[in-house]
Amino acid sequence: MTENPARVTAEGDVLGVAGSNTGTVNITYISQTSSETQIQALDLIEPSPYLGLEKFGVEDHDKFFGRDEWIVDLTEHLKKKKVLLLLGASGSGKSSLIQAGLIPALRKEKSFSSFQLLSFVPDVNPFESFYGCLLAKYKQEKAQLARKLEENTLINVVQSLKSNSQWLIFIDQFEEVFTRTPKTEQSVFIKSLIQLIEKSDDSVKVVMTMRADFLDKLSPYPDLGKIHDRYSRMLTDMDDVELRLAIAEPAAINGVIFEKGLIDQIIADFQQQAGSLPLLQYTLDLLWKNDDIQDRVLNTKTYQDLEGVTGALQKQANTIYDNFDGQQRKSAEQIFLELISLEGKEPVSRRADKAIFEQDDIQKEVLYQLIDNRLLVSRGEDGKATVEVAHEKLLSSWQVLQELIRENEQNIILRNRLYADAKQWDELRQQDSQKAEGELWIGSKLARIVELRKEQSLPNLDAAVIAFIDASVEERDRIQKAEIERQKRAKRTAQGIAVGSMVAVMISSGLGWTAWQKTRQAEYNQAESLGRYALSLVKNEGRDLDAFITALKARKILQNHHTTNPEVMNALQEALSQRKERNRLTGHQDFVYSVAITPDGKTLVSGSDDKTIKVWNLETGGEPRTLTGHQGYVTSVAITPDGKTLVSGSGDNTIKVWDLDFDSLMKRSCNWVRGYLENPYSDVSKDDRHLCDGIGEKK
């Protein structure tokens, strides 16, 4: 089959314009200048020209259309400046524009045509990621220099390896420096990047893409803010003309047209949703693969069967998910949960080591199916494979994932915190093991993680996280053992003091004034001891409420003898100056997620992960009233303005309404009883039928 001359011309035009230095775009495209008959007369190329959810690579430049003016503009920018920070919304096509547009264009520039392309994403350690991309071009012993966690690393790598060549360093998804890279590496890498930009010449170009909603993350780094001010560009949405070209031209090159009116419908649907270009490409790819290409027309009916742009992704995901059996679905959900994080309330994709999903045969099989069907993407970095959700649009458009996130929201938040703290602990223990102990978990968070592991709800933890959990459990057990011993010692001390006081009283009764004086001194010493203990509770353990109570007990003893003690006075003063808690209510067995208080301030209500609601009387104190009935954790409680009704929401997908007012509860109960008594066969005794007389009315 001979090559299509029109296609060659079109490709030549695209590359020629991309390298133009005139700043104007004057291109002739097949879809714009040829009739439908002429297009259908071209050689038919059956493979889909659309990339789906994948990003455009450098090799895909002949399929990339609609950004011609941006290609020219960014090329001119880099001819004059050595840095480009391209900002834009998620799904705006930042990475694709750089790889399939700008980089091929720069290849056409005589002044910068033979550059070495070094492309990477920051990930957990940007230095390791940079080292990984160097391995493709340099020997390991030379690339090793990039792994040093130092501020001068990047400039040293350039000075050592670049020689007389030209470099284009492309840092894709720069926001990962703020979302995935720990604080220590983050700070050092940013300083190293700034040093590279300041000290390198024009033979080194640095290009970065970043989501615009992460601009506030630049605030702690003034020098990075200056780079933004000098070198950033904001990628705008494609207009209808650009979208029409991106949709029609790839098909036209392959000898295929769209049914009349279909392109307008696709554009209208696209503009009505979030504007995700990968989702548009995905829809076009599905349209191509589901239609009969042999008739050279992409049809409206096929597009409608896919439920348009917004329905295409969910439809495909549902097809794959529905074909899984029960075990496979559970494995798929576990995989997705591991690849989802939360930024506030918004779900975002996170990258994970592919190997953690390959330990179980069923999960491994499901993983490969998800990758093959492009719901997940696997990448190789420095000899290590990673996996991530193909596009974040899947998180907000697929009902299965929306429900999964909603049901596991608290666990996702807890797991994210677990990964962050485990990473921090793992780094610290290599430097200062004693300081690392302070990062371990010992409270309710640890109890929840241990419970989730026992339930096998955290099956894909990496080795560092497992080590962190095990170390936390050991530390918790050590602290509990030490606390038990402390309480035993305190009890023995208290018993000794009590016995001493009793003996002193007995002696004073038998020996008169001298014995009384000794008793007085013993009680004074006891008060002083209690004062010192109260002071230690504040300074060493932060238990200010217990410190207050202990010091007040000591003050009571001193008051009986009309005297004071500096230790007791100091304890009270210290507790007052450092007090952290106004009151402490204990009773829940797990996390407390929500609290509410009645308008009169007399009643407090709390909802907990232990599936209970507790109602506390703040006036009288005492044991709280416990409300049970929810089958899941109670995430939200609210009280009506009159303070009589409580509403609770739970992870069991129910909302319950409770009476807080006793009279109201009695009225509702009696109304129900009266309805039961209307039954002539009721077995309630005559005497008991009068229990509700005068309470409420039947409604």
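**Figure 1. Glu 623 in a loop.** Glu 623 is found in the loop between strand 15 (612-617) and strand 16 (625-628), where helices (H or I, at least four residues) and strands (E, at least two) are DSSP runs, numbered from the N terminus. The model is predicted, so local features need pLDDT of at least 70 and side-chain atom pairs count only at pLDDT 80 or more, while totals for chains, interfaces and linings use all residues. Residues are numbered from 1 along each chain as its sequence is written, and side-chain values use heavy atoms, with hydrogens and water left out. With a relative accessible area of 76%, Glu 623 is exposed; here buried means under 20% relative accessible area, exposed over 50%, and partly exposed in between (1.4 Å probe, protein chains only). Although Glu 623 and Gly 587 are 36 residues apart along the chain, their C-alpha atoms are separated by 8.5 Å.

Figure 2. Lys 80 lies in helix 4 (residues 68-80), and at 68% relative accessibility Lys 80 counts as exposed. The C-alpha atom of Lys 80 is separated by 8.9 Å from that of Asp 202, a residue 122 positions away along the chain.

**Figure 3. Two residues with positive phi.** Most residues other than glycine have a negative phi. Gln 173, which is not a glycine, has a positive phi near 55°, and Gln 173 lies in the loop between strand 3 (167-171) and helix 9 (176-179). With a relative accessible area of 15%, Gln 173 is buried. Lys 611 also has a positive phi, of about 75°, although Lys 611 is not a glycine. The loop that holds Lys 611 runs between strand 14 (603-608) and strand 15, and at 41% relative accessibility Lys 611 counts as partly exposed.

**Figure 4. Aromatic pairs formed by phenylalanine rings.** Rings of Phe, Tyr and Trp (its six-membered ring) pair if their centres lie within 6.5 Å, and planes under 30 degrees apart count as stacked, over 60 as edge-to-face and the rest as tilted. By this rule the count comes to 13 aromatic pairs. In one of them, the rings of Phe 127 and Phe 189 have centres 5.4 Å apart and planes at 85°, so the pair is edge-to-face. Because Phe 127 lies in helix 6 (residues 126-134) and Phe 189 in helix 10 (residues 183-199), this pair ties together parts that are 62 residues apart in sequence. Both Phe 127 and Phe 189 are buried. Phe 174 and Phe 178 form an aromatic pair that is edge-to-face, with 6.0 Å centre to centre and 80° between the planes, and both Phe 174 and Phe 178 are buried.

**Figure 5. A ring cluster, and charges over rings.** Tyr 321, Phe 336 and Trp 398 are linked into a cluster by ring pairs. A charge sits over a ring if NZ of Lys or CZ of Arg is within 6 Å of the ring centre and within 35 degrees of the ring normal. The charged end of Arg 107 sits over the ring of Phe 115, 4.1 Å from its centre, and the charged end of Arg 147 sits over the ring of Tyr 131, 4.3 Å from its centre.

**Figure 6. Helix 8 packed with helix 10.** Two packed helices are described by the angle between their axes and the distance between the axes. Axes are lines fitted to C-alpha atoms, for helices over the stretch in contact, and angles run from 0 to 180 degrees between N-to-C directions. Helix 8 (residues 153-161) and helix 10 pack at an angle of about 45°, with their axes 7 Å apart. Helix 8 and helix 10 are therefore oblique to each other, given that angles under 35 degrees count as roughly parallel, over 145 as roughly antiparallel, 65 to 115 as roughly perpendicular and the rest as oblique. Among the residues that meet are Leu 154 and Val 158 in helix 8, and Phe 189 and Leu 193 in helix 10, where contact means heavy atoms within 4.5 Å.

**Figure 7. Helix 21 with helix 23.** The axes of helix 21 (residues 409-429) and helix 23 (residues 444-454) come within 11 Å and cross at roughly 105°. Helix 21 is therefore roughly perpendicular to helix 23. Asn 411, Leu 414, Arg 417, Leu 418 and Asp 421 in helix 21 meet Lys 445, Arg 448, Ile 449 and Leu 452 in helix 23.
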